[in-house]
Amino acid sequence: MDDYQFLIYLNDCFAAGYTLPQFCVDGDIKKPLFVLADAKNWQIFWNLHVQFSHDKRIKPKFVILNDKGDSIRLSPGTLFDELKIQNYDETDLNDCDKIFFLTTQKSDIQSDKIIYLDELAYKLILAAYIETPFLHFLKSHPKIKLFLTNFSILYENSHNTENEKKILEKEIPLATYADRLRKDKDGTVKTPYDFLGYSKQDLIDMLTLTGTKTNPDGSTVLIDNDNPLINVKNGRRVVPNQPENFKNRIYFLGGCSHLGIGAPFDKTIPSYLQKFINEKNLPYRVENVSQFFTYRYQDIFYNLRNLPLKDGDIVFVFFDNYLSEKLPAFDVSRTFERPHDYGEVFVNTLHVNEIGYKVLAGKFFDFLTENNFFQGVEFEYPEPPPPYHRYGIPQENFSSAQNFSQNKELEEYKKKLREKRFQVGAIVMNCNPFTLGHEYLIEYASKKVKKLYIFVVEEDKSEFKFADRFELVKRGVKKFSNVEVLPSGKFIISQQTFSGYFNKESLQDVSVDSSEDVEIFAREIAPSLGVTVRFVGEEPEDSVTRQYNENMRRILPQYNIDFCEIPRREINGEVISAKKVREALKVGDFDTIKKLVPKTTLKFLRENFSQ
């Protein structure tokens with residue numbers, strides 16, 4: 001790949017919020033020197049200048065690389081004058097602790113301070129798309145076992161077969177084989193799959209599989225296809241012989257290697273692994289949720305976040321060939337390094353056929369069994385870094401909506417106008433079950449606004465089912481004429497937007513990031529209903545909910561939504577909580593329950609749990 005492709009990777013990371021100033025801070029680089037080797041790529045200099053001018057923590061230098069003594073000169077102008085670009089030979093290299101060459105072309109200059117463009121892009125992708133988001137994900141899912149995996153690579157050595165030598169001499173992408181087969185009129189086109197006995201059309205189908213589509217929630221899925229070799233249902237390749245009764249799932253998430261491109265649905269890594277698991281009567285169900293993820297790193301997280309994960313599940317993520325020292329990994333890159341007796345497995349230097357998939361599935365099975373990962377083995381992951389600065393601007397600059405405007409007089413006028421708005425309130429509640437505390441908060445809020453919406457958390461991860469919780473809230477608020485009860489859907493406190501909420505017991509001592517959920521509510525949900533204020537009860541006991549409240553206090557005003565926190569209702573000096581109701585229900589203590597819930601909830605509990 002040339003410089004241009006790696007510059008795209010850098011911009012992709014910048015768009016994800018990970019900037020070079022933040023990279024320097026993370027790597028304790030205090031004096032970076034950026035070297036431009038090709039004048040046509042001058043835009044990257046300006047991009048970096050903007051980042052560092054916003055983020056004052058690091059002060060870099062920008063230089064032009066000399067080419068055989070002749071300086072590369074850019075046209076003079078305001079933009080380049082502001083950059084204060086120097087020539088490389090005029091720069092004191094002792095006055096920098098890291099030199100970033102913004103090119104993949106290696107220089108004659110020898111220094112252990114140099115990082116070239118391809119290495120820089122690799123490091124940024126590793127931090128922005130793998131280490132930081134995965135560590136935050138695992139902080140919210142501490143009981144999930146997640147492993148990074150990689151390609152099996154054809155290495156050159158003295159034991160290579162003639163076929164492997166040809167592959168190494170002339171790399172042919174799989175898509176090229178499919179194109180050649182489509183154009184083949186006389187059956188003369190040869191492929192590395194010929195000895196497996198498939199027809200030309202079979203190979204075309206398996207090499208191209210099926211198209212993909214993006215769901216409204218951002219997740220990417222395969223288009224269903226009933227071809228007996230491809231077999232895609234509900235957006236996933238089918239894994240045969242999945243058990244109906246199982247303890248946990250094993251998910252394969254990633255690109256072509258896990259997807260099983262070039263092989264029938266029953267001869268992929270996930271399918272073979274399910275077969276080996278069944279033979280040992282292990283209570284695990286394997287799911288192939290892989291997609292075509294070529295350089296679309298963000299798609300992996302959309303799909304990971306949508307998995308119905310439970311404690312003890314195992315996830316294998318194929319993320320190109322990226323592995324990290326901070327995350328568990330299963331390295332399969334040298335599985336087929338000769339000598340071996342597996343036969344011909346490679347179809348090009350990065351892909352194998354169904355014979356190779358079977359061998360790899362066996363390696364995955366051995367990896368899981370030999371390390372007791374089917375048992376209760378747990379990992380201690382490193383602490384995730386704090387969310388990095390957005391666009392290089394420190395987080396504290398986002399603490400108030402007034403920071404977005406320099407005109408204080410205009411802000412005061414807007415504030416007075418907001419006081420004239422038709423007040424519409426919102427409360428998000430789980431109500432597990434509906435208590436007098438919930439009723440108290442609703443009664444207070446209903447008196448402050450003309451219309452009040454109650455969003456009941458729809459995710460079915462609580463002791464009481466959503467249908468029951470929803471009905472109890474509706475019965476409990478009938479006396480309030482301006483209150484309407486709505487389901488929260490998938491975008492308000494859901495597994496997709498705030499998965500940590502459903503694992504609160506194990507997250508009481510950690511920092512939980514719920515900002516995405518609050519941002520979606522403020523940016524997308526609230527404007528749809530004209531919500532102007534969100535009400536919450538104080539949270540003296542639950543750390544996760546308390547952090548959620550603090551995120552609302554910080555973020556909602558940025559979208560001109562008021563945040564109102566009121567004291568919780570107490571009985572005998574103790575706050576009313578649904579948890580206390582559940583604990584009393586376990587022992588049939590309806591005398592205590594009677595003091596904590598309204599009549600409608602009490603009636604429901606007596607009818608359904610009196611025994």
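# Reading a parallel sheet and its surroundings

Author: Met 429 stands opposite Val 456 in E18. Keep in mind that this is a predicted model. We start from that pair.

Reader: How many bridges join strand E17 to E18, and how do the two strands run?

Author: Strand E17 covers residues 424-429, and six bridges join it to E18. The two run parallel.

Reader: What does the chain make of E17, helix H14 and E18?

Author: A right-handed β-α-β unit. Helix H14 in that unit spans residues 436-448. Next, the chain crosses from E18 through H15 to E19. That β-α-β crossover is right-handed.

Reader: How do I read the pairing of E18 with E19?

Author: Look for bridges. Strand E18, residues 451-456, pairs with E19 in the parallel sense over five bridges. Leu 452 stands opposite Val 483 in E19. Val 456 has Pro 487 as its bridge partner there.

Reader: Where does helix H15 lie, and at what angle does it run to E19?

Author: Helix H15 takes in residues 466-476 and lies across E18 and E19. The angle to E19 is about 175°.

Reader: In what order do the strands form the sheet?

Author: Five strands form an open sheet, ordered E19-E18-E17-E20-E21, with parallel pairing. At the edges are strand E19 (483-487) and strand E21 (562-566), each pairing on one side only. From one strand to the next, the twist averages 25°.

Reader: Is E18 mostly covered or mostly open?

Author: Start with the general idea. In a regular strand, side chains alternate between the two faces of the sheet. Now the case here. E18 is mostly covered, with five of its six residues buried.

Reader: Which residues have the most contacts inside the largest nonpolar core?

Author: The idea first. Nonpolar side chains tend to be buried together in soluble globular proteins. In this model, the largest nonpolar core has 55 residues, and Phe 134 and Phe 319 have the most contacts inside it. Helix H5 (residues 117-140) gives the largest share, 14 residues. Apart from this core lies another of 50 residues, including Phe 147 and Tyr 357.

Reader: What does Phe 319 touch?

Author: Among its contacts are Tyr 129, Ile 130, Phe 134 and Phe 301.

Reader: Is Asn 288 buried or exposed?

Author: Compare its relative accessible area with the cut-off: buried means under 20%. Asn 288 has 2%, so this residue is buried. Asn 288 is found in strand E12 (residues 284-288).

Reader: Which backbone atoms lie by the side chain of Asn 288?

Author: The backbone oxygen of His 258 lies 3.4 Å from a polar atom of that side chain. The backbone nitrogen of Ser 290 lies 3.2 Å from a polar atom of the side chain.

Note on methods
Residues are numbered from 1 along each chain as its sequence is written. This is a predicted model: local features need pLDDT of at least 70, side-chain atom pairs count only at pLDDT 80 or more; totals for chains, interfaces and linings use all residues. Side-chain values use heavy atoms; hydrogens and water are left out. Two strands pair if DSSP finds at least two bridges between them. Helices (H or I, at least four residues) and strands (E, at least two) are DSSP runs, numbered from the N terminus. Axes are lines fitted to C-alpha atoms, for helices over the stretch in contact, and angles run from 0 to 180 degrees between N-to-C directions. Contact means heavy atoms within 4.5 Å. Buried means under 20% relative accessible area, exposed over 50%, partly exposed in between (1.4 Å probe, protein chains only). A polar contact is a pair of N or O atoms within 3.5 Å; within protein, one must be able to donate a hydrogen and the other to accept it, and residues adjacent in sequence count only if both atoms are side-chain atoms. A nonpolar core is a set of buried Ala, Val, Leu, Ile, Met, Phe, Trp, Tyr and Cys residues joined through side-chain atoms within 4.5 Å. A crossover is right-handed if, with the strands pointing away from the viewer, the path from the first strand over the helix to the second runs clockwise. Lists of a residue's contacts leave out its neighbours within four places in sequence.
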